[in-house]
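Please keep the sequence and the structure in view while reading.

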Amino acid sequence: MLRRDLRLSLRHGSDTLAALLFFVLTASLFPLAIGPAPETLARLAPGIVWVCALLAALLPLDRLFGADFEDGTLDQLLLSGQPPAMVAAMKALGHWLTTGVPLLLAAGPVALMLGMQAEVVPALLAGLLLGTALLSLFGMTGASLVLGARRGGVLLPLLVLPLVAPVLIFGVAAADAVASGQSPRAHLLLLAALLAAALPLCPLAGGAGLRSAAE
Amino acid sequence: MSNTNTFGPAGLNLHRFANPGRFLRLSGAVLPWLAVSGVVITAIGLGWGLFLAPADWQQGDAVRIMYVHVPAAWLASLGYVMLACASLASLVWRHPLADLAAAEIGPVGAGITAICLATGSLWGKPMWGAWWVWDARMTSVLVLFFLYLGHIALVRAFDDQQRGYRAAAILALVGVVNLPIIKFSVEWWNTLHQPASITLSGAPSMAPALLWPLLVSAIGFNLGFAAVVVARLRAAVMERRIRALLLARARNDLQNA
């Protein structure tokens, strides 16, 4: 199932590409908007990268289950004997591989372009590694809930963004800690703890959402 | 309602509204008492707090905002607990009354959270010199407010009402993680917001002259909240019943025609 999703997204690469382009473009708007002063940019860089990555990861969520829901594939998957939580987990993994990982690869160059010091970048990327996985899990849960809703696309950010606010806070704090000469360990461990809690719980919630959508 | 075709109108009514019927009778008897006692006790608590209680030696008269802010804040969290309990009941037992309760608690809880945020902002301006500070307590209460809004929007976003109840219930349960964050935010992080003055264990770090009106007004707020929720719930049950009756009549008309 994961393989099917990956193949689909490889053949139709536009979703991944759109998210990536959105990320790079919004990030490059900031120097234009707040001026190219290096020290201001370097101070804001972790926040800019995080917020842009978060919004870019929201883009493909709208279609995460949409196509499968409309053509009946989702019903088939749920009838195939797979536990719904498994289906949900695979979808989240698929979203992470097609959106989270490309964003992660693009985040490094973008951060450097924004004038971030090179030694801050590893902490930022480590935070993003955990953070994009969390985003995929929460996003998948939200997407399963709004399946078939009127104005689901508008509703989705309203549901997902409050839930990922802690992820954003700790992720930016990790990068800021390195920038001010402290260890990012505590913040990264908190992110990892969030991920450990979300890893079993979000697929359960998402599975329940899928089942009620298919009813 | 997918089972309208399998049950006749009478069977549908009995099946779905047997329990809500009892709820209507019971709540009809309790509601006037709740409403009157809520209004009276809130009035006593607020009157006591705003006019009779002494001003704080440090904060002066501004401390009186507390008599609205603190009960509203407690109630905002308590309302979410009730919402989560109703959601759990609706997911586990598929109880129609729990569905309605969750849908009706949402807007009231959002309103009280908005009151909490607004009064907190009014209190922050003279005390901290700023309307809003991004500290952990305020940010987490703001997230709570957005969770309420998301719940309200999600419940009403579906053509199939049952689907809305399910999805919103799952969202409410996922959002429960925010509650301990709100509770402990003032202890885990060094925040501008003061830590709790009143705990279950240990004596309150607050003068009794200030404490009593606060407790009275909190009880009044709780009763008022309960009264509003019960009234909304009664209205929702009756609305459903009217719709079911109209459907039954339309079906009878069709059969007779």
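## A loop residue in chain B

B:Arg94 counts as partly exposed, because its relative accessibility is 43%, a value between the 20% under which a residue is buried and the 50% over which it is exposed. The model is a predicted one, and in it B:Arg94 sits in the loop of chain B that runs between helix H2 (66-92) and helix H3 (96-128).

The backbone at B:Arg94 has a phi near 50°, which is a positive value in a residue other than glycine. Most residues other than glycine have a negative phi.

## The largest cavity

Rolling a probe the size of a water molecule over the atoms shows where empty space is left. The count comes to one cavity of 30 Å³ or more, and the largest cavity holds about 40 Å³ of space.

Both chains contribute to the lining of the largest cavity, with A:Phe138, A:Leu145 and A:Leu163 among the residues from chain A, and with B:Leu171 and B:Val174 from chain B.

## Helices around the cavity

At least two lining residues each come from helix H7 (121-145) and helix H8 (152-179) of chain A and from helix H5 (161-174) of chain B, and H7(A) gives the most, with four residues.

H7(A) has 25 residues and reaches 35 Å from its first C-alpha to its last, close to the 36 Å expected at 1.5 Å a residue. Because 21 of its 25 residues are buried, H7(A) is largely enclosed by the rest of the structure.

Note on methods:
Residues numbered from 1 in each chain as written. Chains lettered and ligands numbered in written order. Predicted model: local features only at pLDDT ≥ 70, side-chain atom pairs only at ≥ 80, totals over all residues. Heavy atoms only, no water. 1 Å grid on protein atoms, 1.4 Å probe; cavity = no way out; pocket = protein on both sides within 12 Å on 5 of 7 lines; lining within 4 Å. Points joined across faces, edges and corners; volume = space filled by probe spheres on them. Expected span 1.5 Å × (residues − 1). Buried < 20%, exposed > 50% of the residue type's maximum accessible area, 1.4 Å probe, protein only.
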